[in-house]
Amino acid sequence: MAKITVCIPTYNRVHLLPIAIASVLDQTEQDFELIVCDDGSTDGTVEIMSRYEDPRLRYIRHQKNIGKSNNMRSGFDAATGDYFIKFDDDDRLTPEFLEKTSAILDQNPTVDLVGTDHWIIDINNNRDQAATDINSVKWGRSELPEGIVKNLLEVVFIQQSFQIGATLCRRQALIDVGYMRPNIQNCEDNDLLVRLALAGKQGYYLPQRLMEYRVHAEQQGLNRAIPYLRDQITYLENFQFTSEKLEKIRRSRLAESQLLLGLRLVETGETQAGRALIVAGQSASLPKAWTGLAISVLPQPLRKQIFTLLRRAKS
């Protein structure tokens, strides 16, 4: 049994997966097992994985696509380490990630998860210093002090400072909350962190950039935005906080997500569903809601042209 389980869920990322794997094999802390769980890839991933001979690496292959969170759960269920981290197949860990985060868990028995800051990298593995600095400020990590986080729920829900791919957890803490909810494609990480905080788990923040998050074209576009917003709405509807402050923010974010999804559905021709969501989320922006409802009466090809013009004007 290894001390640490590292899980990389993958799907059709044969050009990036070996980079993620190499970042684990090159860790300064070598007491780990690496589980790659493949959600039915059709791009040559099987062939690439057959070349690895390291006994610490296990490959779980699903013949058919079972969905993102279900694939992650399969990797988690196979884990044996006391500590666990999942990071995506297009990202990578810096060499000292496991050593530095596991040392904190070793030294602090009451700490359940250790989150770090991370770099922004591009498709060619180049670090973007300016984008990284902006990202750290945007998500509250630049102001978050090192040590045990006293207000973990606010930090993971309001600021969203912790990124699950840059966080090492005690596996038992994840077992206690049931790990990822099944049948979710997006926002599963946010959902897990909120449930850990609500369960009273203790988090520690290490203000070092020990992981690299890749930004690339596959993450963009309307086809990506619509399923993301659907799952974001589900995620926000899963909770109802006792804190008035948190609940106000939750309702505000829910309305914003409903409005944005409604606008995108109107653009793609799902008129009835789009209008209903625009009405539900109108409190986020009445001008946007009125504009969206007005556009929804136009022929669908014309709608796309108008939304494109509006996006260009905004940018």
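I looked up Y205 first: at 0% relative accessibility Y205 counts as buried, where buried means under 20% relative accessible area, exposed over 50% and partly exposed in between (1.4 Å probe, protein chains only). I note that this is a predicted model, in which local features need pLDDT of at least 70 and side-chain atom pairs count only at pLDDT 80 or more, while totals for chains, interfaces and linings use all residues. Residues are numbered from 1 along each chain as its sequence is written, and side-chain values use heavy atoms, with hydrogens and water left out.

**Aromatic rings**

I then checked the ring partner of Y205 and found F162, in a tilted pair with 6.2 Å centre to centre and 45° between the planes. For these pairs, the rings of Phe, Tyr and Trp (its six-membered ring) must have centres within 6.5 Å, and planes under 30 degrees apart count as stacked, over 60 as edge-to-face and the rest as tilted. Because F162 sits in the loop between α6 (152–159) and β8 (167–170) and Y205 in strand β9 (residues 203–214), I read this pair as tying together parts that are 43 residues apart in sequence. F162 is also buried, at 6% relative accessible area.

The structure holds seven aromatic pairs. Another of them joins F76 and F84 edge-to-face, at 5.0 Å centre to centre with 90° between the planes; F76 is buried at 8% relative accessible area, and F84 is buried at 2%. I also noted one aromatic cluster formed by F157, Y235, F239 and F241.

**Charges over rings**

Here I took a charge as sitting over a ring if NZ of Lys or CZ of Arg is within 6 Å of the ring centre and within 35 degrees of the ring normal. R253 lies over the face of F157 at 5.0 Å from the ring centre, and R209 lies over the face of W119 at 5.3 Å.

**Strand β1**

Two strands pair if DSSP finds at least two bridges between them. I found seven bridges joining β1 to the parallel strand β2 (residues 32–38), where P9 stands opposite C37. Four bridges join β1 to β4 (residues 83–86), also parallel, and there the bridge partner of V6 is I85.

Conventions. Helix = DSSP H or I, 4+ residues; strand = E, 2+ residues; numbered from the N terminus.
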